[in-house]
Amino acid sequence: MSAGRWALPEGVEETLPPDSWRLEALRRQLLDRYREAGFELVIPALIEHLPSAGFDGDVDAQTLKMTDPASGRLLRLRADMTPQAARIAALQFRAAAVVRLCYLGSVLRAAADGPGGPRALIQVGCEIFGQPDLSADLEALELMLLTLSTAAVAPLSVGLGHAGIYRAL
């Protein structure tokens, strides 16, 4: 068989040992930390019907779309789980005053963010819905720093651009 028949699309790679074992260990570590912090794990659907609420123009432009042969309806393949988490919170947890969700899984983008970059990514995130004060923002920032530290991402720089933070300082 020729290698061409087995080729993956541009920007899509497989993870092989030992990297796949390291990635799995990191996944377990992160989800355990999120659970300890009080987040509930959701696994959003890989595909959903169009139109779907909550998708902004940037996500929509990165979304691969296809026709469902079973229904004839247009489907989207997830490019970002954040809007899906918002939909899940709004529909499935509407009785809760504050909803704390985390997710971790594969996403596929229509194009890479930069030349030669990946299109198939593993996205991890934590969302706090319904918390009206800045404590949720601060917790999210702390959790993001913990996540990046756990993943050994360095050097690390965080830029804050919210006008409310500037006014508070």
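Contact here means heavy atoms within 4.5 Å. Helices (H or I, at least four residues) and strands (E, at least two) are DSSP runs, numbered from the N terminus.

## Basis of the model

This is a predicted model, in which local features need pLDDT of at least 70 and side-chain atom pairs count only at pLDDT 80 or more, while totals for chains, interfaces and linings use all residues. Residues are numbered from 1 along each chain as its sequence is written, and side-chain values use heavy atoms, with hydrogens and water left out.

## Overall layout

The secondary structure of the protein chain consists of five helices and six strands. Read from the N terminus, these elements follow the order α-β-β-α-β-β-α-β-β-α-α. Along the principal axes, the C-alpha atoms of the protein chain fill a box of roughly 60 × 40 × 30 Å.

The protein chain has 169 residues, and 27% of them count as buried. Buried means under 20% relative accessible area, exposed means over 50%, and partly exposed lies in between (1.4 Å probe, protein chains only). The protein chain exposes about 11,400 Å², with carbon and sulfur atoms supplying 58% of that area; accessible areas come from the Shrake-Rupley method with a 1.4 Å probe, and for residues only the protein chains shown count as cover. Of the contacts in the protein chain with a separation of 6 or more, 63% are between residues 24 or more positions apart.

Two strands pair if DSSP finds at least two bridges between them.

Three bridges link strand 2 and strand 4 (residues 74-77) in the antiparallel sense. H49 has L75, in strand 4, as its bridge partner.

## The sheet 1-5-6

Another open sheet is formed by three strands in the order 1-5-6, with mixed pairing. Strand 1 (40-41) and strand 6 stand at its edges with a single partner strand each, so one side of each is left without a neighbour in the sheet. Strand 5 and strand 6 run antiparallel and are joined by ten bridges. L101 stands opposite E127, which is in strand 6.

## Helix 3 and its cover

Helix 3 (residues 82-92) has P83, Q84, A85, I88 and A89 as its buried residues. The cover over these buried residues includes strand 2, helix 2 (57-61), strand 5 (99-108) and strand 6 (120-129).

S20 belongs to helix 1 (residues 19-36). With a relative accessible area of 23%, S20 is partly exposed. S20 and P69 are 49 residues apart along the chain, and their C-alpha atoms are separated by 33 Å.

T147 lies in helix 4 (residues 135-150). Its relative accessibility is 11%, so T147 counts as buried. Apart from neighbours within four places in sequence, T147 is in contact with L30, Y34 and V124.

## Rings and charges

The charged end of R100 sits over the ring of F39, at 4.3 Å from the ring centre. A charge sits over a ring if NZ of Lys or CZ of Arg is within 6 Å of the ring centre and within 35 degrees of the ring normal. The count of aromatic pairs is zero, where rings of Phe, Tyr and Trp (its six-membered ring) pair if their centres lie within 6.5 Å, and planes under 30 degrees apart count as stacked, over 60 as edge-to-face and the rest as tilted.

## Backbone exceptions

Most residues other than glycine have a negative phi, and most peptide bonds are trans. P17 and P18 are joined by a cis peptide bond with omega about 5°, and P18 lies in the segment before helix 1. A cis peptide bond also joins A154 and P155, with omega about -10°; P155 is in the loop between helix 4 and helix 5 (163-168).

A152 is likewise in the loop between helix 4 and helix 5. The phi of A152 is near 60°, a positive value in a residue other than glycine. A152 counts as exposed because its relative accessibility is 63%.
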